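Subject: Structure handover

Hello,

Here is the structure I promised to pass on. Please open it alongside this note.

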Amino acid sequence: CESMEKKKLMSLFALGCSALLLAGCGEDNKKDEDKESEKVAKNQTITCVMSEEESGVKSESKITFEFDKKTEKIKSGSMEVSMIYDMSDFTKEEKEQVDKFTGSILGAMCDEELEGFKNCKYEGKDGKYSVSMDVDMEKIEEAYEGEVSEETTIEDLKESFEEQHYTCTIK
């Protein structure tokens, strides 16, 4: 029942996305020293990560939110989910099945345009798969009413994600 497995995995992913949004996490991406010092003066970033390894599959979820330091409001956000399979003992056919199955699950996330997200990208091959997307700041509040809003603070997100067993850092 590949369809049943897909639905289960999509449900688990959606649940993980909701948890990620509740906890909100971010990563500082700076391009040069001038922009770095300017960004440090204005914004804070929270990054929350959860990693698991089970039965030869390593999965990681990472979400990033950037807060405007002056207004203390969410400025932008992104999410990435990755899966890496240990396929060292797999036959060629088994590898192809994993590529097809994982691609259909993770790729469907982009096809379905999850509420509150945009610019979804799927990449996958040879046991390494990832989906990344940006938080649509105009729609996230509506999609996750009561969970994420203009009033959500960086500390609210940190506390919420850490309750979900994510490790968060604020920069």
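Predicted model: local features only at pLDDT ≥ 70, side-chain atom pairs only at ≥ 80, totals over all residues.

Six strands make up an open sheet. Their order is S4-S5-S3-S2-S1-S6, and the pairing is antiparallel. Strand S4 (117–125) and strand S6 (167–170) are the edge strands, and each pairs on one side only. From one strand to the next, the twist averages 10°.

Look at one pair inside this sheet. Strand S3 (residues 74–85) and strand S5 (residues 128–135) are joined by seven bridges, in the antiparallel sense. Across from Glu80 stands Ser132 in S5.

Helix H5

Next, go to helix H5, residues 154–163. Its buried residues are Ile154, Leu157, Ser160 and Phe161. They line one face of the helix, because they fall within an arc of 135° when seen down the axis of H5. The face turned away from that buried side carries Glu159 and Glu163, which are exposed. Just after H5 comes His165, with a positive phi of about 75°.

The core

Nonpolar side chains tend to be buried together in soluble globular proteins. Here, the largest nonpolar core has 29 residues. Those with the most contacts inside this core are Ile46, Cys48, Phe65, Phe67, Tyr85, Phe117 and Met133. Which elements give two or more residues to this core? They are strand S1 (43–54), strand S2 (57–68), S3, helix H3 (92–111), S5 and H5.

Best wishes

Methods:
Residues numbered from 1 in each chain as written. Heavy atoms only, no water. Pairing = 2+ DSSP bridges. Helix = DSSP H or I, 4+ residues; strand = E, 2+ residues; numbered from the N terminus. Axes fitted to C-alpha atoms, helices over the stretch in contact; angles between N-to-C directions. Buried < 20%, exposed > 50% of the residue type's maximum accessible area, 1.4 Å probe, protein only. Arc of directions from axis to C-beta. Core = buried A, V, L, I, M, F, W, Y, C linked by side-chain atoms within 4.5 Å.
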